[in-house]
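Try each task before reading its solution.

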Amino acid sequence: MKVLRWVPVLIVTAVVVWSYYAYVIQLCLSFRFCRHCQLIKPDRCHHCSACQICVLKMDHHCLWLNNCIGFSNYKFFLLFLLYSLLYCLCIVTTVTPSFIHLWLSRLFDSSAKLHVLFLTLVSSIFLVTLSCLLLFHCWLVANNKTTLEWLSAPFFPDGPDGAAFDVSVRENILQVFGLDWRLWLLPVSSSQGDGHSFPLRRRTTAHHPITANGAECWEQEGIVVSQQGSPVSIAIDD
């Protein structure tokens with residue numbers, strides 16, 4: 001019977017310990033940590049299960065390229081889609097007249113028709129697919145989103161916000177392609193930032209010392225900046 005008297009005390013103690021852990025550790029001092037890489041993950045960084053690495057501003061894992069698309073190569077991925085689209089468009093526009101001529105003519109054997117038919121169909125399919133994919137990623141760039149953020153909005157202490165990184169269409173494009181427009185269509189690195197911190201468009205306070213050194217943040221022309229002047233974000237996802 002004496003043991004049962006301690007049950008309420010143990011329950012109250014467990015509730016107090018749990019509430020302290022939930023509020024102080026998880027809410028106030030929490031940070032994104034990758035258990036696989038044993039590293040602290042910056043905002044918009046995710047662990048790729050296929051590559052087994054953490055990717056800065058991860059967009060998706062591309063099976064066609066067998067590589068992750070993220071901060072370091074997102075511009076090159078967009079240019080790859082654009083170059084491939086133009087290549088398929090060139091093939092379709094140049095081969096289609098020959099295909100019609102071969103198909104209606106009786107001077108060529110069936111094997112030549114089959115090869116031209118296959119080339120035309122494959123190029124047309126890739127043309128439509130790449131057009132849709134490129135338009136989708138152009139929309140992502142204009143709204144400053146990744147594919148993962150489009151599927152699941154980044155979570156902040158006051159709730160999820162899918163448009164937290166959208167600071168304007170012009171600034172969003174400059175973040176990916178850089179300030180010098182002459183380099184936009186060239187396969188050279190020109191993206192802005194370091195992939196660890198990103199501007200926010202809303203007023204907030206950075207609570208975590210690792211993310212923003214506990215700096216008070218304020219809104220300036222739609223972008224949240226720290227007292228040191230460097231953009232910060234406090235998105236907490238996965």
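The exercises below concern a predicted model, and each is followed by a worked solution.

**Exercise 1. Confidence**

Find where the confidence of the protein is lowest and where it is highest.

*Solution.* Next, go through the elements. Strand 9 (residues 218–220) has the lowest confidence, with a mean of 36, while helix 5 has the highest, at 96. Then look at residues 203–238, where the pLDDT is below 50; beyond near neighbours in sequence, this stretch has 88 contacts in the model.

**Exercise 2. Cavities**

Work out how many cavities of 30 Å³ or more there are, and list the residues that line the largest cavity and the second largest cavity.

*Solution.* The count comes to two cavities of 30 Å³ or more. Take the largest cavity first: about 50 Å³ of space lies in it. Its lining is made of Lys57, Gly70, Phe71, Tyr74, Gln175, Val176 and Ser191. Sorted by type, these lining residues are three nonpolar, three polar and one charged.

Now turn to the second largest cavity, which holds about 40 Å³ of space. Lys57, Tyr74, Leu140, Val141, Asn144, Lys145, Asn172 and Val176 line this cavity. Helix 3 (110–142) and helix 5 (169–177) are the elements that give two or more residues to this lining. By type, the lining of the second largest cavity has four nonpolar, two polar and two charged residues.

**Exercise 3. The nonpolar core**

Which residues touch the most other members of the largest nonpolar core?

*Solution.* The largest nonpolar core has 16 residues, and Tyr74, Phe77, Leu78, Val141 and Val176 touch the most other members. Trace the core back to its elements: helix 2 (74–104), helix 3 and helix 5 each supply at least two residues. Helix 2 gives the most, with seven residues. Finally, zoom in on Val141: leaving out residues up to four places away in sequence, Val141 touches Tyr74, Leu78, Asn172, Ile173, Val176 and Phe177.

**Exercise 4. A loop residue**

Decide whether Phe165 counts as buried or exposed.

*Solution.* First locate Phe165: this residue lies in the loop between strand 8 (159–160) and helix 5. Then apply the cut-off: buried means under 20% relative accessible area. Phe165 counts as buried because its relative accessibility is 2%. To finish, check a distance: the C-alpha atoms of Phe165 and Pro154, eleven residues apart along the chain, are separated by 9.5 Å.

Terms used
Residues are numbered from 1 along each chain as its sequence is written. This is a predicted model: local features need pLDDT of at least 70, side-chain atom pairs count only at pLDDT 80 or more; totals for chains, interfaces and linings use all residues. Side-chain values use heavy atoms; hydrogens and water are left out. On a 1 Å grid over the protein atoms alone, a cavity is a set of points where a 1.4 Å probe fits but cannot get out, and a pocket is an open set with protein on both sides within 12 Å along at least five of seven lines; lining residues have an atom within 4 Å of a point. Grid points are joined across faces, edges and corners, and a volume is the space filled by probe spheres set on the points. Ala, Val, Leu, Ile, Met, Phe, Trp, Tyr, Cys and Pro count as nonpolar, Asp, Glu, Lys and Arg as charged, and the others, Gly among them, as polar. Helices (H or I, at least four residues) and strands (E, at least two) are DSSP runs, numbered from the N terminus. A nonpolar core is a set of buried Ala, Val, Leu, Ile, Met, Phe, Trp, Tyr and Cys residues joined through side-chain atoms within 4.5 Å. Buried means under 20% relative accessible area, exposed over 50%, partly exposed in between (1.4 Å probe, protein chains only). Contact means heavy atoms within 4.5 Å. pLDDT is the predictor's confidence in each residue, from 0 to 100.
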